[in-house]
Amino acid sequence: MTLAIVGVRVWDGSSDRLSDPCTIRVEGSRIAAIGPVGDGSTLLEGAEVVEPGPGCVALPGLIDGHVHLTLDPQERDAAAQVARSPEDTAKAAAERAAAMVRAGITTARDLGGGPGHLELTLRDRIASGEVAGPRLLCAGQPLTSPGGHCHFWGGEVEGDDEIRAFVAKQRDAGVDWIKIMATGGVLTKGTRPGEPQFEQARIETACDAARLAGRRIAAHCHATEGIRRAVRAGVDSVEHCSWSGAKGFGSDVDEALASEIGERGTWISPTVNAGWKRFIEDKEGVETEFFSNMRRAFEALRGAGARLIVSTDAGIPNVAHDALPRALPIFARFTGLSPVEVLRCATSAAAAALGVDDRTGRLEPGLEADVLVVQGDPLTNLSALERPVLVLARGVRA
Ligand SMILES: [Zn+2]
């Protein structure tokens, strides 16, 4: 199937501005060429022509760096969901994946599910074209301490031998990433987000085992001490990065650690979802302490050249899987990034973080055709992304 998207201005995933109106030629799953509209003779040859209309902009499909396809955002108790029938969970996960791609999300990293590895099966069904959905990279069962965060997913490990054996088990199950819960979490009773749950040496073992398995490793970190141990152990991405201390999220910002993160090049995936709007101001309209603390943390990270990606933790209570576009303006508020910088965090930078920048994250001939067409200019107004006109995922129209 050959498709020509005609008359759209293009944001390629990295530059500071839009192109003049272009034609994007898609052959099969790939972008074959991008050229001026006047080059019609070659770009349109044998193609089905799609004209989204005036004022439309094409950009790379969006990437959500942190989701859970098997979690139901309508359900408060993550542990209880493990007891649902695998058939029901698999069906619901496939519906969520279809909604994501309709919203313009063409790649996502799934950072954890239960022992059935249902999200891996979904990943493979999407990749084969059997069902619609974003390209998925999956971490399988996260490593956690006994009784630790998300222990109900079956990843409890203690000591280096168990850590190595469990990473090998995930590799054999076919995961793309490894994940370790470096601190407690909000969703698991009896764990404390403000405290680490592994010694640094254990996280180092997990990193070493992941590397031996040829996989990158993500660490769930709320507590600042957990962030420190994970970063120094050499994880590839820090999830949440909540700077949590005795007084909760944002109460233990460490600017020296932010500098270290910048120097090491650790990716930060802060899971700022659209619902975080409620944390910016209190009822009187006064900026909250949490917001000003997090702003300071993001300023330190940016000042240190730290690399940020967009992520939502979709699947946790009240965070829908297709809500990434609505999260972007809130991510901009917290991070202080401009719209074009936010869009890089959701496309080219995220593709590099996830290890798929040889396939996606930019609009460029030779890459897979993950294309989002919107009405309006997202470089001046991120909310343009909430109105997709056309989505292609690996060349297939969503
Ligand atoms: Zn998560």
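Predicted model: local features only at pLDDT ≥ 70, side-chain atom pairs only at ≥ 80, totals over all residues.

Trainee: How many helices and strands does the chain have?

Mentor: There are 12 helices and 16 strands.

Trainee: What makes the radius of gyration of the chain agree with a compact globule?

Mentor: The rule is 2.2 Å times the number of residues to the power 0.38, with the radius taken over C-alpha atoms. For 398 residues that puts a compact globule near 21 Å, and the chain has 21 Å, so the two agree. Along its principal axes, the C-alpha trace spans about 65 × 45 × 35 Å.

Trainee: What share of the residues counts as buried?

Mentor: That's 57% of the 398 residues. Buried means under 20% relative accessible area, exposed means over 50%, and partly exposed is in between (1.4 Å probe, protein chains only).

Trainee: Which domains does the assignment give?

Mentor: Domain 1 takes 2-61 + 361-397, and domain 2 takes 62-354. Such bounds come from an automatic or database domain assignment. The C-alpha centres of domain 1 and domain 2 lie 30 Å apart. Their contact (heavy atoms within 4.5 Å) takes 24 residues from domain 1 and 27 residues from domain 2.

Trainee: And how much of the contact in the chain joins residues at least 24 apart?

Mentor: Counting contacts between residues at least 6 apart in sequence, 70% do.

Trainee: Now some single residues. Why is C241 called buried?

Mentor: Its relative accessibility is 2%, so C241 counts as buried. C241 sits in strand β11, residues 237-244. It also has a positive phi of about 50° although it is not a glycine.

Trainee: W243 is in strand β11 too. Why does W243 count as buried?

Mentor: W243 comes in at 1% relative accessibility, and therefore counts as buried. Its phi is positive as well, about 50°, although W243 is not a glycine.

Trainee: Why is R307 called partly exposed?

Mentor: R307 has 36% relative accessibility, so it counts as partly exposed. R307 lies in strand β13, residues 307-308. Leaving out residues up to four places away in sequence, R307 touches G265, T266, W267 and I268. R307 and T266 are 41 residues apart in sequence, with their C-alpha atoms 6.8 Å apart in space.

Trainee: Last one: what makes C138 buried?

Mentor: C138 is at 0% relative accessibility, so the buried label applies. You'll find C138 in strand β8, residues 135-138. With residues up to four places away set aside, C138 touches D110, E119, L120, R123, V175, D176 and W177. C138 and G174 are 36 residues apart in sequence and 8.6 Å apart in space, C-alpha to C-alpha.

Notes:
Residues numbered from 1 in each chain as written. Heavy atoms only, no water. Helix = DSSP H or I, 4+ residues; strand = E, 2+ residues; numbered from the N terminus.
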